[in-house]
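Colleague: Before we open the model, could you take me through how to read charged side chains and helices in it, giving the general idea and then the case?

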Amino acid sequence: MLSPEAERVLQYLVEVEELAEAVLTDKQQIVDLDTKRNRNREGLRALQKDLSSSDVMVCFGNMFIKMPHPKTKEMIQRDQEHLDKEIEMLRRELKVKVNRLFEAQGKPELKGFNLNPLNQDELKALKVILKG
């Protein structure tokens, strides 16, 4: 039987370990999805270079299937959009999980961690302002 103080320390360590594991899992999932996104990008590039309207061979898991060129391109583009959304969602959740982990460890919140990139319209407006 552990003393109350030892029990609190053990509970603290378990909580920090669970939070850290969740952060690492999300990071690995982002890497895996990004790898898949890069493979899709390579496939789209190959389809753009090959302008023939003939059928193309597509790998699904461990088998190849012959599909029409336009249908394949459309399917990969939809998959890209889905991957982009999923990666963005994981990145937003990762920020929250990292902040919870830092809070549990008693560290201050990361500064600038919640910054978002400028969208195209904001970037154009900034360029106009800077040009004067």
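This is a predicted model: local features need pLDDT of at least 70, side-chain atom pairs count only at pLDDT 80 or more; totals for chains, interfaces and linings use all residues.

Colleague: How far apart are the closest N and O atoms of Glu 88 and Arg 92?

Modeller: The closest N and O atoms are 4.0 Å apart, and Glu 88 forms a salt bridge with Arg 92. The general idea is that an α-helix has 3.6 residues a turn, so residues three or four places apart point the same way.

Colleague: How many salt bridges does the count come to?

Modeller: The count comes to 6 salt bridges. One of them joins the side chains of Asp 26 and Lys 97, at 2.9 Å from N to O. This pair links distant parts of the chain, with Asp 26 in helix 1 (residues 4-49) and Lys 97 in helix 2 (residues 69-105), 71 residues apart. Asp 26 has a relative accessibility of 5% and so counts as buried, the cut-off being under 20%.

Colleague: Which residue forms a salt bridge with Arg 37 at 2.8 Å?

Modeller: That residue is Asp 84, the closest N and O atoms of the pair being 2.8 Å apart. This pair, too, links distant parts of the chain, for Arg 37 is in helix 1 and Asp 84 in helix 2, 47 residues apart. Arg 37 is buried, with a relative accessible area of 14%, whereas Asp 84, at 36% relative accessibility, counts as partly exposed. Asp 34, Arg 37 and Asp 84 are linked in a network of salt bridges.

Colleague: What do the buried residues of helix 1 pack against?

Modeller: They pack against strand 1 (55-60) and helix 2. The buried residues of helix 1 include Val 16, Leu 19, Val 23, Ile 30, Leu 33, Leu 44 and Leu 47, and among them are also Asp 26, Arg 37 and Asn 40.

Colleague: What span should the 46 residues of helix 1 have, and how does it compare with the distance between the end C-alpha atoms?

Modeller: At 1.5 Å a residue, the 46 residues of helix 1 should span 68 Å, and because the end C-alpha atoms are 68 Å apart, the two values agree.

Note on methods:
Residues are numbered from 1 along each chain as its sequence is written. Side-chain values use heavy atoms; hydrogens and water are left out. Helices (H or I, at least four residues) and strands (E, at least two) are DSSP runs, numbered from the N terminus. Buried means under 20% relative accessible area, exposed over 50%, partly exposed in between (1.4 Å probe, protein chains only). The expected span of a helix is 1.5 Å times one less than its number of residues. Contact means heavy atoms within 4.5 Å.
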